[in-house]
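Work through the exercises below with the structure in view. Try each task before reading its solution.

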Amino acid sequence: MKIADLHIDNNWTLFLDRDGVINRKIDNDYVRNWEQFEFLPDVKESLKELSQIFNRIIIVTNQRGVGRGLMSEQELENIHRNVMQEVEEAGGRIDAIFSCTDIEDAGSTHRKPKPGMALDAKTEFPEIDFSRSIIAGDALSDMEFGENLGMITVLIYPKLKGNPKFHFDTLFEFSSAITQKP
């Protein structure tokens with residue numbers, strides 16, 4: 001089965017992880033401020049295309065750097081405000097960004113793979129149907145997050161790991177496959 005066979009329309013929701021999918025990850029560290037944030041190649045163009053297909057595009061991101069005191073909530077909010085603005089200026093759309101700033105051992109119900117951020121998104125956007133949702137992420141926790149909620153899982157990672165429903169090296173490849181562009 002190809003991803004285009006899913007017949008995705010404006011009743012679907014796209015959940016995206018942030019670091020490694022939208023922006024370049026910093027090895028063994030965190031994107032702590034806007035100056036460190038770097039969009040991955042063709043991401044803005046991909047989000048423009050995906051905005052024309054999906055009813056909702058929502059980022060769900062674990063950001064434990066805040067919980068560890070390495071950055072502030074305000075710095076994280078500034079990054080997300082700028083991400084949304086740049087995507088909008090490029091003709092795309094991100095409807096909301098949900099982040100979990102808890103550290104691993106905090107017992108959080110929101111830290112992926114737990115479903116809290118998706119449930120918050122559904123509260124804000126009641127039309128979300130997890131059976132008509134895709135999670136695109138670069139980690140096994142993203143795949144587990146989607147599987148736990150009955151979503152289609154898409155691994156965005158150059159080297160395949162795990163057992164996602166679909167796999168693409170980049171968000172651009174995923175976008176092209178959905179829109180059936182070569």
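**Exercise 1. Find how strand 4 and strand 5 pair, and over how many bridges.**

Solution. In this predicted model, take strand 4 (residues 133–137) and strand 5 (residues 152–156). The two pair in the parallel sense over 4 bridges.

**Exercise 2. Give the strand order of the open sheet and state which strands stand at the edges.**

Solution. Step 1: the sheet has 6 strands in the order 3-2-1-4-5-6, with parallel pairing.
Step 1: the edges are strand 3 (96–100) and strand 6 (166–168). Each has a single partner strand, so one side of each lacks a neighbour in the sheet.
Step 2: from one strand to the next, the twist averages 20°.
Step 3: follow the pairing at two places. Strand 1 and strand 2 run parallel and are joined by 4 bridges, with Leu16 opposite Ile59 in strand 2. Strand 2 (residues 56–62) pairs with strand 3 in the parallel sense over 5 bridges, and Thr61 has Ser99 of strand 3 as its bridge partner.

**Exercise 3. Describe how helix 1 and helix 6 cross, and which residues make the contact.**

Solution. Step 1: two packed helices are described by the angle between their axes and the distance between the axes.
Step 1: the axes of helix 1 (residues 43–51) and helix 6 (residues 171–178) cross at roughly 30° and come within 9 Å. Angles under 35 degrees count as roughly parallel, so helix 1 is roughly parallel to helix 6. The crossing is left-handed.
Step 2: helix 1 contributes Val43, Glu45, Ser46, Leu47, Glu49 and Leu50 to the contact, and helix 6 contributes Leu171, Phe172, Phe174, Ser175 and Ile178. These contact residues comprise 7 nonpolar, 2 polar and 2 charged.
Step 3: the buried residues of helix 6 are Leu171, Phe174, Ser175, Ser176 and Ile178. They pack against strand 1 (13–16), helix 1, strand 4, strand 5 and strand 6.
Step 4: after helix 6 comes Gln180, which has a positive phi near 55°.

**Exercise 4. Locate Met71 and Asn23, and decide whether each is buried or exposed.**

Solution. Step 1: Met71 lies in the loop between helix 2 (64–67) and helix 3 (73–89). Its relative accessible area is 6%, so Met71 is buried.
Step 1: beyond four places in sequence, the contacts of Met71 include Val31, Arg32, Gly65 and Leu76. Met71 and Val31 are 40 residues apart in sequence, with 8.9 Å between their C-alpha atoms.
Step 2: Asn23 lies in the loop between strand 1 and helix 1. Its relative accessibility is 0%, so Asn23 counts as buried.
Step 3: residues up to four places away left out, Asn23 touches Arg18, Val31, Phe37, Glu38, Phe39 and Leu40.

Note on methods
Residues are numbered from 1 along each chain as its sequence is written. This is a predicted model: local features need pLDDT of at least 70, side-chain atom pairs count only at pLDDT 80 or more; totals for chains, interfaces and linings use all residues. Side-chain values use heavy atoms; hydrogens and water are left out. Axes are lines fitted to C-alpha atoms, for helices over the stretch in contact, and angles run from 0 to 180 degrees between N-to-C directions. Angles under 35 degrees count as roughly parallel, over 145 as roughly antiparallel, 65 to 115 as roughly perpendicular and the rest as oblique. A crossing is left-handed if the near helix is turned anticlockwise from the far one by less than a right angle, and right-handed if clockwise. Contact means heavy atoms within 4.5 Å. Ala, Val, Leu, Ile, Met, Phe, Trp, Tyr, Cys and Pro count as nonpolar, Asp, Glu, Lys and Arg as charged, and the others, Gly among them, as polar. Two strands pair if DSSP finds at least two bridges between them. Buried means under 20% relative accessible area, exposed over 50%, partly exposed in between (1.4 Å probe, protein chains only).
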